[in-house]
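Have the viewer open as you read.

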Amino acid sequence: MADVTIAQFAEVLKVPVAKLLSQLDEAGIKVSGSDDKISDDAKLELLTHLRRSHGQDDTPATAAAPRKITLNRKSQSELRMAGAQGRSRTVNVEVRRKRTYIKRDVLEKQAHDEQEALDRQRQEEQERLRVEELAKARLLAEKEEAAKRVVAEREKEAQAVKDAEEEARKAAKTIETSEAEEKARVEKAETDARTRRSKDKEKGKPSHGDTRYGRKELHVAGDKSGRRKRKAPARRRPLSAGGDSKHGFEMPTEPVVREVEIPVSISVSELAQKMSIKGNEVVKVLFNMGAMVTINQVIDQDTAVLVVEELGHVAKLVDSSDVDEKLLADESQIVGETVPRAPVVTIMGHVDHGKTSLLDYIRRTKVADGEAGGITQHIGAYSVQTDKGRISFLDTPGHAAFTAMRARGAQATDIVILVVAADDGVMPQTIEAIQHAKAAGVPLVVAINKIDRDNADPERVKNELTQHAVIPEDWGGEQMFANVSAKTGEGVDALLDAILLQAEVMDLRAVAIGPAQGIVIESSLEKGRGAVATLLVQSGTLQQGDMLIAGEEYGRIRNMFDESGASIKEAGPSKPVLVLGLSKTPSAGDDFIVVKNERKAREVAEFRQSKTREAKLAQQQTSKMEDMFTQMQDGEISTVPVIIKSDVHGSAEALRDALLKLSTDEVRVKILGSGVGGITETDANLAAASKATIIGFNVRADAAARTAIKESGIDIRYYSIIYEAIDDVKAALTGLLAPEVRENILGLALVKEVFNSPKYGDIAGCIVSEGLVKRANPIRVLRDNVVIYEGELESLRRFKDDVNEVRSGTECGIGVKNYSDVQVGDQIECFERIEVARTLD
């Protein structure tokens, strides 16, 4: 291009001359005015300056390949429109089109940079985790051989992860290398094309004058148009990616067999998704198996296994606890130095054998006086500092209804003290406590209580215990015995010595530094404090402010109290503690663990809640089917609907289990709801709608609930002793039992002669040999001691008079209704039906 003036160049660029002069000055190009000429090199230098000022690279590749191209197209046409009075007018129509193209490699480069940043962050996190694992491995090297094997397996898994990451990095590097080669090839092709275009421009062409823009004017022949003809689009030759022109997706040549993980309960849609098939196919298989379900319905594990095997896949059973372990894999590993800890001792035995009184003497308190009925109905957790050392005690109820509570106490303990009254001996709950201790594998220390009484016989107790494989040490056995009196304190020191000796033999140790783990002993809902849980720390240290997950509930600890109600900041191993701050009351017996953040706690809690909800739905569907079939076969079953509200979770659970055990094939207890806390208006509305009885165990109704109860006339009963509630429900069930019908034989008459009466037909002339015969009672006709007819008397006469009854040794005439085959020698048996009230066993 020839040199042009500044004014001509500004007119070509469509910018003011002053702005162009300022841009030339900024680019370092010295010009004196608008009449100066500008060379091609100066134009290129100005273009480079403008690109650099807008943040663009000035490399040849970038200059030749812009990132964004905008095409402006303008077309003009004329449109004739009819006007008034037959005249026509011409309208010029101008159509402007604008289209912008963005180069794809810009977006790909941005996504590639983001992916590299994520990879670097993930690699740094994995490197940090690997360093932590190595530090843990060095600490675990001093542990036993079993711990070494665990560390070795963890290192092997970490190595496998590292190898997989190394392979992934190699694959990524290979992909990056291939992309770089492809990019270099494209850039080389563009450079060659640019070189060819520049050579074509350098070829000389005839000049016939300049245009007003300084360009050479192009002259064409007279018979040629000045417009360039549009070329027909060239046909693009089909490109082949290789020798094979097939697409990348093909139908598999053989069935794909998948390993399907099946939890305890799973919905039909989720099962279909895991097998990569449509949901209606699973519904069809279930329909052929006789199960009518929808795609959103939940089925149990056994049914899901049958469906998976029917469709040709492999079923893998997965327990919800396995998923819990995966979610809490990092949290549940407590590594550190173990230190000696206090023993956890559970006191068990029969009701009224003096368990709480013995603990009261050790603690120097009066807990037994505050218990309703003088019996323990909650698990009490206490940490006692004795002269011999610190001991943590768990006091369990002895009543038969608290079986589950005693089993939890045996699972959470190190040593079980079996309290047996010297004047009462071995009783049913004593035997049950022995079985719980053996099932938990916990050593047993026997305390023979009440030896201060006159009728105390410790030797008889020892003889009775030997029948259940509990043999004293002085008789050659393994169990330690101690004769004690909770009233006078005799033998209590010897019992504490036996406990601490047993603990020293067991060498009880735990990790004291780290996140706490343990078990929920009891939970309740208190006004003004919310959900309150009694926890027993088994390892680690529980601190105020820790994020806690207990069963299906989670929360941050707001406050902590010891057994005396004093506020504490932390609790170590083997220490019971009362905590506030959970979302709801956890179930007694649930494990608790401290996690790092609330997100992890919420994730685990929501997973457990969903699994519990699915299990309940599956159980409800199963029970509905079972109830339907039972009612179809046996008729309607009488039920007693009950709503239970208790002060603590353990008592509600014990009362619910005890009432469900009262159900029989004819009458049934239906628990509509069981919860912790006072009786609310919602409970009253539910009871009114279902005609249920509300049982309040150590709780009362609030003002709104009392108003609703008064308006609807709901039956509500308050109890503080569990066996009183059981007896009342048992009496209600007994009243629903159908009475038992019994037959009582009143008398027997022997037929001596048969007479024919025109009014009554055959009349049997009889003599009453046993008892008496009554007119209104049913009879049976016996021939050779075989019943041949059962009916009723039509007439009973003595001589010619109608009588109501005839006694033994008296003759009479008997007319049998609708029966005329009475013969001489037959016997007529008179009986009555009486109803006897039944009781529950």
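Here is the tour.

First, the ground rules: this is a predicted model, where local features need pLDDT of at least 70, side-chain atom pairs count only at pLDDT 80 or more, and totals for chains, interfaces and linings use all residues. Residues are numbered from 1 along each chain as its sequence is written, and side-chain values use heavy atoms, with hydrogens and water left out.

Start with an open, parallel sheet of four strands, ordered β27-β26-β28-β29. Strands (E, at least two residues) and helices (H or I, at least four) are DSSP runs numbered from the N terminus, and two strands pair if DSSP finds at least two bridges between them. Because β27 (667-676) and β29 (716-719) sit at the edges with a single partner strand each, one side of each has no neighbour in the sheet. Further in, β26 (638-646) and β28 (693-697) pair over five bridges, and Ser-646 stands opposite Phe-697 in β28.

Across β26, β27 and β28 lies helix α18 (649-660), running at about 175 degrees to β27; such angles run from 0 to 180 degrees between N-to-C directions of lines fitted to C-alpha atoms, for helices over the stretch in contact. His-649 belongs to α18 and is buried at 17% relative accessibility (buried is under 20%, exposed over 50%, partly exposed in between, with a 1.4 Å probe and protein chains only). Beyond its neighbours within four places in sequence, His-649 has contacts (heavy atoms within 4.5 Å) that include Glu-522, Pro-586 and Val-676.

Most residues other than glycine have a negative phi. Lys-450, though, has a positive phi near 60 degrees, and so does Phe-799. Lys-450 is buried at 16%, in the loop between β14 and α15, whereas Phe-799 is exposed at 73%, in the loop between β33 and β34.
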